[in-house]
Amino acid sequence: MPINGLLYKDLVVTDHFNEDADVVLECNDSIAFTRQIPSGSVQLIITSPPYNIGKSYETKVSIKEYLDSQIELINKLIRILKPSGSICWQVGNYVEKSEVYPLDIYFYPIFKDAGLKLRNRIIWHFGHGLHASKRFSGRYETLLWFTKSDEYVFNLDSVRIPSKYPNKRHFKGDKKGELSGNPMGKNPSDFWGRIYDDFYSGLWDIPNVKSNHIEKTEHPCQYPVELVERCVLAMTNENDIVFDPYVGVASTIIAAVKHNRKAFGVDRSEEYIKIGMERVQTLLDGTLQTRPIGKPVYTPTGKEKITQVPLEWIQAEGSAYKLKL
Ligand SMILES: C[S@@+](CC[C@H](N)C(=O)[O-])C[C@H]1O[C@@H](n2cnc3c(N)ncnc32)[C@H](O)[C@@H]1O
């Protein structure tokens, strides 16, 4: 099925590294896999690494041991990055005995010491998640965007969004009365909330991948394809190589292939690679369901039963809902 003018079925997909393939999805350790990739060949490395929080796919170790293993990989990733290339490292928190360690704070000096330059610390905000009882519930993670040099790819026009006030005009000076915005839309900013609300409030919101999300698989920590698509569109050009060293169920591969980029991914779990391969096949068949980039997040009208405040909560001691009566 042709999508974006490309015949997906003609793509070369392989489960072992081949630098001429369009898609490589290999079951291996990320460091061993990275050794096979030629120096200076990858335009974008984007990943969500294990957070060392004891998920089914990782063994929790001390934060020092965890960061040492990450440094080893990161140095190998920098070797394969093109001079114009970018690394996006998407992380949340590591938690030890209820104490929170924001991982981006630990990762920043690792990349900086390796000579990379931070271009954005993107806040990825989502509306749902666990409800904490001893601290405020976490509702965002971050994505650190580093470049290898000052000459880097950034296609702002590919990711512009509608402006809140398209009819805004200059109110003084030579351009007084002329439209001050851009008909292609505005810069989406470093706070990624809700596209629908963007129109009204300037935020983007990509729902994190929970059980009712159309992209959900067996993987406990997928990120949404849409999150990666924005980076692929902004930081790469067609036919560039995108690489994910912790590819899970291939969300990065799907985002890259959808936009005519080559994609390499590695994961040490056979199960995730198998699911990832199946997802890639369904993408090539044209049957994969992903949340379309920019699709509005569902907003309740207030009339749904689930949004109605139960009477016992209205009557409860200290109720937060009394004011709504
Ligand atoms: C946070 S998940 C990534 C999920 C992915 N972004 C997705 O959307 O499916 C981290 C992944 O790293 C993999 N992993 C952990 N250590 C690894 C290693 N040393 N080499 C390769 N993969 C590894 C795990 O199996 C897990 O799937």
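The answer below takes up that helix, then its setting in the chain.

A: This is a predicted model, in which local features need pLDDT of at least 70, side-chain atom pairs count only at pLDDT 80 or more, and totals for chains, interfaces and linings use all residues. Residues are numbered from 1 along each chain as its sequence is written.

The part in view is helix α5, residues 225-235. Helices (H or I, at least four residues) and strands (E, at least two) are DSSP runs, numbered from the N terminus. Of the 11 residues of α5, 10 are buried, so the helix is largely enclosed by the rest of the structure. Buried means that 20 or more other C-beta atoms, placed from the backbone, lie within 10 Å of the residue's own; exposed means 12 or fewer, and partly exposed is in between.

The buried residues of α5 are V225, E226, L227, V228, E229, R230, C231, V232, A234 and M235. What do they pack against? Four strands take part: β5 (42-47), β6 (81-91), β9 (117-125) and β12 (241-244). Helix α6 (251-258) also packs against them. Contact here means C-beta atoms, placed from the backbone, within 7 Å.

Now the setting. The chain has eight helices and 13 strands. Buried residues make up 33% of its 325 residues. Among contacts between residues at least 6 apart in sequence, 64% join residues at least 24 apart.

How values were computed:
Contact = placed C-beta atoms within 7 Å.
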